Amino acid sequence: METEKSSDSRKKKIALGFFIFIVFMWLCTVLSKGIYASKLPIVAINRTEEKYIEHIVTVDGIIVAGNKNPITALSGLRVEKLMVQAGDIVEEGDVLFAVDMTDLEEIMGEKQSQISKLQLQIDTLKYNEELAKERKALDEERAREDYDTTARYQNTLVERMTDKVSRAEDELDNAGGDDEALRDALQAAAYAEADAKGQRDTLMKEAERKIEDILWPEGADSTLESYQLDLAALREDLLRYQEIKDVGGQITSTKSGLITDVYISVGGRVPDSAVMLLADDTVPYQFKASLNEEQKSYVELNDKVSLTIGGSRKGTDVSVDYLTESANMPGNYEVYSNLPEGMGTPGLSGTMTRTEAGEKYPYCVSPLAIHTEGFRSYVYVVKERDGILGMEYYVEEVNVKVLDENEYWAAIEGAIDSDSQIVISSTKGVQNGDVVRF
């Protein structure tokens, strides 16, 4: 009886020991799996979705005047006071700035000296021109007298030679025409007549050409006309300076509008270009923004955009009215949109938004899931397999082509489908074939 009890007790101890061993091994296995799993990267996954890839372009900009009129003033004046600045609204007749009156007096004195000097030069030129005309008239008169004198004298000589020829002919005729001496005398008289005529023609031609030379037009000289133009300009400037002096050196606006730009400063001199720009309030204001190359690909001329001006939350729909590459920043583009009448003022900032619905794609994932190496793009897809501790999850690289993307979604194609479990984040870096857990 005692033997049977001892045997039962031993069996119970063996069974209890075996149970304890099994529990211990189970605990070891669980602990091992826990330790193993704790070292694995934890990944977050998403399946692909069918999406429209929208593109939203949002850029900040500023309201500018639709048309700006230049305000000019007489150049060279020194600015003493500046009454306006950019952003001020002025009415016709408002004082814009005042000039230094002492400096104005000095400029006027210098202008007057220039006028006096130029007038003296003009008077000298006119006097010399008058003398030249009188000299030319005198030379012409003398040349004509010389011509007449030469003509009378040379004609007299020719007439004398002609008379000698006539007498020699008579003598030869009276002698019967056989006297050799008379024949030679007639020949000599004929030669002398011919020489007299030749000399007369030569001298008359010389006298005629001398008259022609005197009457020949002289070369054009615009010096006097140039001086006279300069004098007229100086007198006009002096008159304008005098008008400024008469109003106490105050320069006023000839139009009403908004001052958008000021190009002068106190102590500086007025340039020969615009001193200010005045917005034309009869032309709608414009919203101006700058786009980079990527943003430009989604914004075209005449596209509809939404504008929010200042602190307003409500957008206003307008269109892209002007789009051009920036002259100052190659690769960037300037976009202008005309604003509705009465909307905003130049200098006020705002935001332009352009939304393009885009195309619908069957497989879209978060851009965070896409990895790029050079020209290759790929994603990690989670798959299952048998491991040393049973069924386990691992990642596999799958090459994909990115068809389109925005801030939130990327359309891809490759060896994937709607059931693919794509890794979008991981607590550790993973590589192809690495075991992971969710």
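Which residues does Met276 touch, not counting residues up to four places away in sequence? Before I answer, a word on the source. This is a predicted model, in which local features need pLDDT of at least 70, side-chain atom pairs count only at pLDDT 80 or more, and totals for chains, interfaces and linings use all residues. Residues are numbered from 1 along each chain as its sequence is written, and side-chain values use heavy atoms, with hydrogens and water left out.

With contact meaning heavy atoms within 4.5 Å, Met276 touches Asn69, Pro70, Ile71, Leu82, Val84, Leu96, Phe97, Ile259, Asp261, Val262, Tyr263 and Ile264.

Met276 also belongs to the largest nonpolar core, a set of 29 residues in which Leu77, Phe97 and Met276 touch the most other members. Such a core is a set of buried Ala, Val, Leu, Ile, Met, Phe, Trp, Tyr and Cys residues joined through side-chain atoms within 4.5 Å; buried means under 20% relative accessible area, exposed over 50%, and partly exposed in between, with a 1.4 Å probe and protein chains only. A second, separate core of 23 residues includes Ala65, Ala289, Val299 and Met343.

I turn to the aromatic rings. Rings of Phe, Tyr and Trp (its six-membered ring) pair if their centres lie within 6.5 Å; planes under 30 degrees apart count as stacked, over 60 as edge-to-face and the rest as tilted. This rule gives two aromatic pairs. Tyr322 and Tyr336 form a tilted pair, 5.8 Å centre to centre with 55° between the planes. Tyr322 is partly exposed at 45% relative accessible area, whereas Tyr336 is buried at 14%. The rings of Tyr378 and Tyr380 are edge-to-face, with centres 5.6 Å apart and planes at 80°, and both residues are buried.
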